[in-house]
Amino acid sequence: MPLLSVEPETLQTLVIHLRAARSGPLPSACNRAIHAQVLEWFRQGDPNVSEAIHKSQESPFIISGLMSKRQETEAKAGNEFHFRIGLLSGNLMKPLLEGFQKLEDTPFSLAEFPFVIQSINMLPSTDLWVCSSSYTLLAKTPLILNELTLKYLSPVSFKLNTGQGIQAFPLLEAAFGSLYRRWNAFAPENLKLPKIHWNGWVSDYELRTEKVKIKNSVELGAVGWVTYRFPDPEQAKAATILAHFAFFSGVGRKTAMGMGQTRLDQIAPNMMQSLAS
């Protein structure tokens, strides 16, 4: 696998394709195991990067849960599965790929079920879930939308401002406040957004609650779509930037454990390789 030279401000998603190494019931909860495996790849590539990620208040990567073409509860040896990784810094690409290289022929287990890596896809336009962009490109959005629809593909939830309690409904302030914090945590200094007191509302939605098991706990979140309206043009511009960013960053809590996988319903042309095509 050739290692790429990637600019630090690059945003990237990759899809990891796996094969089941044996037949048997699939584990009901893989998200934490996938998170641990990704950290192990980082550790193999650069232990300092892995340690920095582990100590970070905002995770610089997200994952999806384990997916397959069919909703399977049992696997036969050779069945194919995949999950995706989103990186919020181009600096993470090199250690991650070096970790892959060191372990690519080594079987590994997710929640005690063995898999082998079949392939790693990081080329935009070859997979719906593979995409690349940059903070600069997203900040120069040619299209400002005063109405945005976010699709929540895995359960999303938010910690209440009081610090106690969890809210599943993605209110405008919660969803875009989450995106704003993550953007300002990782964007170059000259692209950080000024403080925003959001002035808008939810104009339509279709949501259901769904549970996801993460190791020994069960998290409740919302899945579906929400349309947000922003009457202020400046806030609409910031919201359009952040809505595109959501594909890489996720929204809400535990995005590094597979929650809050999100995409904008209407992608502006040329801002994100793959999704706009």
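Here are some questions and answers about this predicted model, from its overall form down to single residues.

User: How many helices and strands does the chain have, and what share of its residues is buried?
Analyst: The secondary structure comes to six helices and 14 strands. As for burial, the share of the 277 residues that count as buried is 53%.

User: Which element gives the most to the lining of the largest pocket?
Analyst: At least two lining residues come from each of α1 (31-45), α2 (47-55), β10 (158-159) and α5 (172-186). With seven residues, the one that gives the most is α5.

User: And how many residues of that lining are charged?
Analyst: The lining of the largest pocket includes 12 nonpolar residues and 13 polar ones. The charged residues number eight.

User: Nice. Now to charge pairs: how many salt bridges are there, and how far apart are the closest N and O atoms of Lys55 and Glu51?
Analyst: Side chains of opposite charge can pair when their charged atoms come close. The count for this model comes to eight salt bridges. Lys55 and Glu51 form one of them within helix α2, four residues apart, about one turn of the helix. Their closest N and O atoms are separated by 3.4 Å.

User: Where in the chain are Arg182 and Glu58, and how many residues apart are they?
Analyst: The side chains of Arg182 and Glu58 meet in a salt bridge of 3.3 Å, N to O. This pair links distant parts of the chain, with Arg182 in helix α5 and Glu58 in the loop between α2 and β3 (61-63).

User: What is the N to O distance between Glu98 and Lys94?
Analyst: Glu98 and Lys94 both lie in helix α3 (residues 93-103), four residues apart, about one turn of the helix. Lys94 is partly exposed, with 47% relative accessibility. The two side chains meet in a salt bridge with an N to O distance of 2.9 Å.

User: On to the strands: which residue in β13 is the bridge partner of Glu206?
Analyst: Strand β12 (residues 201-214) and strand β13 (residues 217-229) pair in the antiparallel sense over 13 bridges. They form a hairpin with two residues between them, and Lys215 in the turn has a positive phi of about 55°. The bridge partner of Glu206 in β13 is Trp225.

User: How far apart in space are Ser109 and Leu207?
Analyst: Ser109 sits in strand β6 (residues 108-110), and is partly exposed at 43% relative accessibility. Ser109 and Leu207 are 98 residues apart in sequence. C-alpha to C-alpha, their distance in space is 33 Å.

User: What phi does Glu112 have?
Analyst: Most residues other than glycine have a negative phi. Glu112, in the loop between β6 and β7 (113-121), is exposed at 72% relative accessibility. Although Glu112 is not a glycine, its phi is positive, at about 70°.

User: And what is phi near for Lys254?
Analyst: Lys254 is among the residues closest to the centre of the largest pocket. Its place is in the loop between α6 (233-249) and β14 (262-264), and Lys254 is partly exposed with a relative accessible area of 33%. Its phi is again a positive value in a residue other than glycine, near 50°.

Note on methods. Residues numbered from 1 in each chain as written. Predicted model: local features only at pLDDT ≥ 70, side-chain atom pairs only at ≥ 80, totals over all residues. Heavy atoms only, no water. 1 Å grid on protein atoms, 1.4 Å probe; cavity = no way out; pocket = protein on both sides within 12 Å on 5 of 7 lines; lining within 4 Å. Nonpolar A, V, L, I, M, F, W, Y, C, P; charged D, E, K, R; others polar. Buried < 20%, exposed > 50% of the residue type's maximum accessible area, 1.4 Å probe, protein only. Pairing = 2+ DSSP bridges.
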